[in-house]
Amino acid sequence: MESNLLLKNISQADVFSGLTTQEIAVLAEQFEIINFGSRESAVDEGSQGKGFYIVLSGIFKVILPANNAQGSKSRLSALTLNTLMPGDCFGEYSLLDDQPVSASIIAEEDAKCLKINKENFLNILDRHPLIAKTVYRNLLNMLVARLRKHDKELDMFL
């Protein structure tokens, strides 16, 4: 992928909002392009998070599957939590903790993502405190916005 296009795609992800072109270039060196086929799993609930992804093309569903990672039935049916489109990202939880992945991410059609390995990402944040400060602030804002949205959704049931 052309480096200008790579920089543009990374800079459009909300989690990297506020970073300079030079700071984004530091991150871009560690990203790789990953292709997914239709119905292919990008991330499985219960597995260890391996990285952070930015959707370039295609549609992904965030689901809680009916069967858990061990294959036994843990829910009556699968539950769709969200739909991810180009520009959206996933894997952010694995950047913050060492807990198993909380939901599965499934490509609904052929799709393409940028991926940065968790270890490489954390190494960049350790070596570049200004990048870390901006990324962690953006992650916090994203997560708080999700919580507020879910609070409003739950409030409709009361």
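Reader: In this predicted model, are Tyr 53 and Phe 90 buried or exposed?

Author: Tyr 53 is buried, and Phe 90 is buried as well.

Reader: How do I read a pair of aromatic rings, and how many such pairs are there in the whole structure?

Author: In general, two numbers describe a pair of aromatic rings, namely the distance of the centres and the angle of the planes. A search of the whole structure finds seven aromatic pairs. In one of them, Phe 16 and Phe 121, the ring centres are 6.2 Å apart and the planes stand at 50 degrees, so this pair is tilted. The pair links distant parts of the chain, since Phe 16 lies in the loop between helix H1 (3-11) and H2, while Phe 121 belongs to helix H4, 105 residues apart. Tyr 53 and Phe 90, by contrast, form a stacked pair, with 4.6 Å from centre to centre and 10 degrees between the planes. Ring pairs also link Phe 16, Phe 31, Phe 52 and Phe 121 into a cluster.

Reader: How should I read a helix such as H5, and which of its residues are buried?

Author: In general, an α-helix has 3.6 residues a turn, so residues three or four places apart point the same way. In H5, the buried residues are Ile 131, Ala 132, Thr 134, Val 135, Asn 138, Leu 139, Met 142 and Leu 143, and what covers them includes helix H2, strand E6, helix H3 and helix H4.

Notes
Residues are numbered from 1 along each chain as its sequence is written. This is a predicted model: local features need pLDDT of at least 70, side-chain atom pairs count only at pLDDT 80 or more; totals for chains, interfaces and linings use all residues. Side-chain values use heavy atoms; hydrogens and water are left out. Buried means under 20% relative accessible area, exposed over 50%, partly exposed in between (1.4 Å probe, protein chains only). Helices (H or I, at least four residues) and strands (E, at least two) are DSSP runs, numbered from the N terminus. Contact means heavy atoms within 4.5 Å. Rings of Phe, Tyr and Trp (its six-membered ring) pair if their centres lie within 6.5 Å; planes under 30 degrees apart count as stacked, over 60 as edge-to-face and the rest as tilted.
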